[in-house]
Amino acid sequence: MQNISSRILGGVSTIVVSVYLCASLTCGAAAQTAAPSNSPAISAPDAATLKAAREVIVQMQGDRATTLNSMAAPMAGMMQQLGIKEPDRAQVIVQEVVLPTLTAHYDELLDVQARSLASVLAKEDLKAIGTFYASPPGKRFAAAQPQLAQVQMSGMTQWMSGVMPEIQTKVMQAVKAHGWAPGSKTR
């Protein structure tokens with residue numbers, strides 16, 4: 001039981017990172033298109049910019065419960081990878097522990113995302129993005145976020161599975177080239 005607990009606790013960071021990635025994938029795309037690389041750096045955000053960023057993040061995320069509940073199945077899968085092999089038990093852990101904890105701290109995540117967004121976009125850009133999210137297509141886009149996050153996570157997993165053998169091979173080659181392999185003298 002101690003081993004399962006250790007793996008679960010160790011996997012909490014994986015879940016948090018997954019939640020953040022799911023919640024912010026489209027946020028990153030919006031930031032990239034709204035702030036070209038040749039634009040001047042934006043200084044620490046003021047209160048009005050933070051407020052505009054928070055409003056955009058809330059609009060982007062859509063319904064909180066729907067967003068979090070859409071992650072239940074992937075989280076149950078993670079629990080199984082962490083040692084709770086029975087699917088029904090993994091789901092119980094997600095429903096009784098993971099989702100309530102994430103729900104209790106969801107505003108903190110929104111604040112982190114808002115600060116991030118406000119640090120790279122001007123208040124005027126944030127207001128324009130907010131206008132988009134208030135429009136019918138923007139509302140549909142926000143409503144699609146949970147499903148989009150699942151599809152993106154699945155695609156990222158498939159992509160990583162495809163490139164992982166190449167990375168492993170190249171890492172081993174680099175380790176050997178640097179003389180870091182077991183029994184080798186370090187350069």
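Helices here are DSSP runs of H or I with at least four residues, and they are numbered from the N terminus. By that rule, A52 is found in helix α2. The model shown in every panel is predicted.

**Figure 1. The whole chain has 9 helices and 0 strands.**
Read along the sequence, the pattern is α-α-α-α-α-α-α-α-α. The chain has 187 residues, and 30% of them are buried. Take the contacts in the chain with a separation of 6 or more: 77% of them join residues 24 or more positions apart.

**Figure 2. The largest nonpolar core has 29 residues.**
In soluble globular proteins, nonpolar side chains tend to be buried together. In this core, the residues with the most contacts inside it are M75, V94, L117 and L126. Five helices each supply at least two residues: α2 (47–61), α4 (72–81), α5 (87–104), α6 (106–120) and α7. Helix α6 gives the most, with 6 residues.

**Figure 3. Close-up of V94 and its contacts.**
V94 is among the core residues with the most contacts inside the core. Set aside its neighbours within four places in sequence. V94 is then in contact with A72, M75, A76, M79, L99 and P100. One of these partners, M75, is also listed among the residues with the most contacts inside the core.

A52 has a relative accessible area of 7%, so it is buried. The cut-off for buried is under 20%. Not counting residues up to four places away in sequence, A52 touches K123 and L126. A52 and A114 are 62 residues apart in sequence, yet their C-alpha atoms are 8.4 Å apart in space.

**Figure 4. Helix α7 packs against helix α8.**
Helix α7 covers residues 123–134, and helix α8 covers residues 136–143. Their axes are 4 Å apart and meet at an angle of about 85°. That angle makes α7 roughly perpendicular to α8. On the α7 side, the contact is made by F132, Y133 and A134. On the α8 side, P136, P137, G138, K139, F141 and A142 take part. The residues of this contact divide into 7 nonpolar, 1 polar and 1 charged.

**Figure 5. Close-up of Q145 and F141.**
Q145 lies in helix α9, which spans residues 145–177. Is Q145 buried or exposed? Its relative accessibility is 8%, so Q145 counts as buried. A polar atom of the Q145 side chain lies 2.9 Å from the backbone oxygen of F141. F141 also belongs to the α8 side of the contact with α7.

Which residues does Q150 contact, leaving aside its neighbours within four places in sequence? They are S70 and P74. Q150 and M71 are 79 residues apart along the chain, and 7.5 Å separates their C-alpha atoms.

Key
Residues numbered from 1 in each chain as written. Predicted model: local features only at pLDDT ≥ 70, side-chain atom pairs only at ≥ 80, totals over all residues. Heavy atoms only, no water. Axes fitted to C-alpha atoms, helices over the stretch in contact; angles between N-to-C directions. Parallel < 35°, antiparallel > 145°, perpendicular 65-115°, else oblique. Contact = heavy atoms within 4.5 Å. Nonpolar A, V, L, I, M, F, W, Y, C, P; charged D, E, K, R; others polar. Core = buried A, V, L, I, M, F, W, Y, C linked by side-chain atoms within 4.5 Å. Buried < 20%, exposed > 50% of the residue type's maximum accessible area, 1.4 Å probe, protein only. Polar contact = N/O pair within 3.5 Å; in protein donor to acceptor, adjacent residues only side chain to side chain.
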